Amino acid sequence: MAWANQDKTAIVGVGATDYYVRGKSWPRTINDMAGEAILKACADAGISIKDIDGFAYYSTAGAGYLDKFDTASLMETLGMPNISFSATLTSGGGGCPGAIGLATAGLMNEDCKYVVTLMALQQLPQHRLGVVFGSAAPNPENSFLQPSGLVGPGHLMSVLARRHMHLYGTTQDAFGEIVMATRANTHNRPKAVRKAPLTKEEYDASVMLADPLRRLDFCLETDGAVAVITTTMDRAKDCRHKPAVVHACAHGGQREWGRAFAWMGMLDPHFASSGHKFTADRIWAQSGLAAKDMDVALLYDHFSPMVLMQLEDYGFCEKGEGNDYVLAGKIRYDAAAQGGVNGGVPVNTHGGNLSEAYIIGMTHIVEGVEQVRGTAINQIKDAEFALVSGGPASLPVSSLILRSA
Amino acid sequence: MREPIQYGPAKLLPGEEIRITTNPNTEPFWEAAKAHKLTACQCAQCGHFRMPPSPYCPECSSREVDWPTLPGTATVFSFAVCNKNPANGEDFIYVPIVVDLDGAPGARLNANVTGCNAEDVHIGMKVTVEWTEIQDGWVLPNFRKA
């Protein structure tokens, strides 16, 4: 059944700071960068900062994993006169595009008119995400994981990747192809952190951090801020750009995935998956669409194997066939044809978390908006539908389909 | 094809670098470990195993639990090979494993394995519990190749 809120709201403004290598954004502060992203998003939408009356966060309103956003503090900083919606999805980055659904909930409930979704990230030495699981103080729950020395998200996900290789014959060559295909999309992007073309030899020479994963299978560690503004369709028509219509959006997941790699209790086939099957099925049911109908897929790529597993969970290929799908070149973007390769759907035309920047998922939303507006740097010809995902991570993970107006 | 990396012996992370905390739900597991008994949290009502221990059985909602002594053997479900000691960043070969515990279907532990080279660890490998003394007098279940 079609979603009751289908095509009722739209993203009308996007704003971002520069992207900095981890720690290099200092002496800027979190609220400084957040403010720049919000003000730029307002300018992009053609509205005043005074019009903002809602905040829909994710990651438990985290700014990175140790700092927190506070709506009152943002009002004090930026001067919004009233806020009538202030809410967050729980857990971490998996909720990123799901926050647009939360914004839609606030808008359709007539709580608010213009909602900001936001992430700002500053990884000073004491705030580094790459070792977040290892540096956390022990608690009764993580005492069943931390002593194993799985110190970072990449170490944890290497265990999932290993199981996928065991069950389906998946190869490290496929992980390498994901990294190279993503890198091929950043040479023309001024803000991208990694722009140099990447050869297979360079990938193979990348140091092994958590076998089977190499340094280049891990995403960037960057600083920066990104904000987007969601509003109702009637208001969207008065904004500066063509609206990026919210066509379907879901967050959540199933118990078999649960805390995922913070737990490792998932049974097959969930263990060697992205945990996205539940929200994928929901957005396909909400929209009546399928993976093949997407013009571009912006898949959360904190670690290369998780792109492969999402391709399976969303149905771009069958479960266990991600290796062959990727190695057939099907996630590549063909710039000359402004489309896919070998019948595939281009993935992460912006360079993703692996090569452009890691702002905990927000850059994927920005690229989705630009694709359906028709203003992307690596534009898909006549792009109508863009898929955006958040996670794999502990639940909730989330999924969003943006549609051109 | 690349040659598999030869890592050499898989070592256990030093116990003096490891600290845990407990709560009333998890403490019986760690108290049993102190006595070198491997256990898992089992619902006393329906027999379902759950790890880490939690206040309710997710199957039948019972709060009653048993702590059966398990055989101490397990099977490697998956693993990673790591090469830096997380405590100090120095070169150190260790293999975090996720194991299925014999005698407790559905219950898993995350630990290190020793008694073989890192490159020889494989999914399906049988292991037996090996006790590691850690901070504050607690004892951690690790594993050795069977």
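**Entry 1**

I began with an open sheet of four strands in the order 9(A)-8(A)-5(B)-6(B), with antiparallel pairing. I counted strands as DSSP runs of E of at least two residues and helices as runs of H or I of at least four, numbered from the N terminus. Two strands pair here if DSSP finds at least two bridges between them. Strand 9 (213-214) of chain A and strand 6 (91-94) of chain B stand at the edges with a single partner strand each, so one side of each has no neighbour in the sheet.

A note on my source: this is a predicted model, where local features need pLDDT of at least 70, side-chain atom pairs count only at pLDDT 80 or more, and totals for chains, interfaces and linings use all residues. Residues are numbered from 1 along each chain as its sequence is written, while chains are lettered from A and ligands numbered from 1 in the order in which they are written.

Next I looked up the joins. Strand 8 (residues 208-211) of chain A meets strand 5 of chain B through two bridges, and the two run antiparallel. Within chain A, two bridges also link strand 8 to strand 9, again antiparallel. I found A:Ala210 opposite B:Cys82 in strand 5 of chain B, and A:Ala210 also has A:Leu213 in strand 9 of chain A as a bridge partner.

**Entry 1: where the chains touch**

How many residues of chain B are in contact with chain A? I found 28 of them, in contact with 25 residues of chain A; contact means that C-beta atoms, placed from the backbone, lie within 7 Å. Strand 4 (73-79), strand 5 (81-84), strand 7 (96-101) and strand 8 (108-114) of chain B each supply at least two residues of the side that touches chain A. Strand 8 of chain B gives the most, with four residues. I sorted that side of chain B into 17 nonpolar, eight polar and three charged residues. For the sorting, Ala, Val, Leu, Ile, Met, Phe, Trp, Tyr, Cys and Pro are nonpolar, Asp, Glu, Lys and Arg are charged, and the others, Gly among them, are polar. The predictor gives the complex an ipTM of 0.97 and a pTM of 0.97.

**Entry 2: chain B by itself**

I read one helix and 10 strands in chain B. Its radius of gyration, taken over C-alpha atoms, is 16 Å, close to the 15 Å of the globule rule for 146 residues, so chain B is as compact as a globular protein of that length. That rule is 2.2 Å times the number of residues to the power 0.38. Chain B averages a pLDDT (the predictor's confidence in each residue, from 0 to 100) of 96, and 99% of the residues score at least 70.

Buried means 20 or more other C-beta atoms within 10 Å of the residue's own, exposed 12 or fewer, and partly exposed in between, with C-beta atoms placed from the backbone. The cover over those buried residues includes helix 7 (200-205), helix 10 (304-314), helix 11 (322-327) and helix 12 (352-356) of chain A.

I then picked A:Leu308, which sits in helix 10 of chain A. A:Leu308 is buried, with 27 other C-beta atoms within 10 Å. Beyond its neighbours within four places in sequence, its contacts include A:Ala174 and A:Ile178, both among the buried residues of helix 6.

Methods
Two residues are in contact if their C-beta atoms, placed from the backbone, lie within 7 Å.
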